[in-house]
Amino acid sequence: MQLDPSTGWFQGIRHCPSPNFNARPDGEISLLVVHNISLPPGQFGTGRVQAFFQNRLATDEHPFFSEIADLQVSAHFFIERDGSLTQFVSCLDRAWHAGVSRFDGRDNCNDFSLGVEMEGTDDQPYTDSQYARLSELTRQLLDAYPAISTQRIRGHCDIAPGRKTDPGPAFDWPRLYATLKD
């Protein structure tokens with residue numbers, strides 16, 4: 001997998017373009033936000049995250065889906081349990097992943113961040129394949145966007161405390177950081 005800096009799209013991974021994005025107000029990319037998602041909650045490998053990010057989720061397939069039917073959200077990336085990586089939005093664009101958020105004294109983290117969704121829940125361990133893929137992706141993003149540093153890799157819980165809890169206590173931050181050391 002390789003990032004094309006002129007387009008903001010990675011080559012060699014699955015593309016599943018989402019309509020839920022817009023232009024970055026200043027073009028700045030200086031924060032990486034780690035999330036988790038599974039649809040329905042706690043069920044993996046259903047293909048419904050992809051449908052959700054493309055506004056194609058069949059709301060009659062599960063009671064929870066009617067609760068999120070009107071949401072228009074996306075992320076730049078989604079890492080499934082087997083390590084498969086999908087990109088929904090160009091890194092150069094503003095994905096709608098962070099919502100009401102604040103980091104380092106600034107609101108609206110979508111304006112300057114990249115979002116990575118890990119298939120999972122707050123309390124179930126993530127897989128070795130997911131950590132390997134997240135490390136590989138993060139290393140390339142750190143190289144491509146030098147304003148992102150290891151200190152500027154945060155969980156959704158860190159930028160939206162009290163509102164969000166992901167990626168949750170099951171996420172092994174020391175494990176990720178150890179793979180990013182040179």
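1. Basis. Residues are numbered from 1 along each chain as its sequence is written, and side-chain values use heavy atoms, with hydrogens and water left out. Because the model is predicted, local features need pLDDT of at least 70 and side-chain atom pairs count only at pLDDT 80 or more, while totals for chains, interfaces and linings use all residues.

2. Salt bridges. The structure holds seven salt bridges (a side-chain nitrogen of Lys or Arg within 4 Å of a carboxyl oxygen of Asp or Glu).

3. Arg-106 and Glu-28. Helices (H or I, at least four residues) and strands (E, at least two) are DSSP runs, numbered from the N terminus. Arg-106 is partly exposed at 32% relative accessibility, and Glu-28 is partly exposed at 27%. The classes are buried under 20% relative accessible area, exposed over 50%, and partly exposed in between (1.4 Å probe, protein chains only).

4. Arg-152 and Asp-104. Arg-152 lies in the loop between H3 and strand E12 (153–155) and Asp-104 in the loop between strand E9 (102–103) and E10, so the bridge ties together parts 48 residues apart in sequence. Arg-152 is buried, with a relative accessible area of 16%, whereas Asp-104 is exposed at 61%.

5. Glu-117. This residue, in strand E11 (residues 113–119), is buried yet has no salt bridge; the nearest side chain of opposite charge is Lys-164, 8.2 Å away. Lys and Arg count as positive and Asp and Glu as negative, with His and the chain ends not counted. Beyond its neighbours within four places in sequence, Glu-117 has contacts (heavy atoms within 4.5 Å) that include His-35, Phe-53 and Phe-77.

6. Helices H3 and H5. The axes of H3 (residues 128–144) and H5 (residues 173–180) come within 9 Å and cross at roughly 45°. H3 is therefore oblique to H5 (angles under 35 degrees count as roughly parallel, over 145 as roughly antiparallel, 65 to 115 as roughly perpendicular and the rest as oblique). Residues of H3 including Tyr-131, Leu-134 and Leu-142 meet a set in H5 that includes Arg-175 and Leu-176.

Terms used. Axes are lines fitted to C-alpha atoms, for helices over the stretch in contact, and angles run from 0 to 180 degrees between N-to-C directions.
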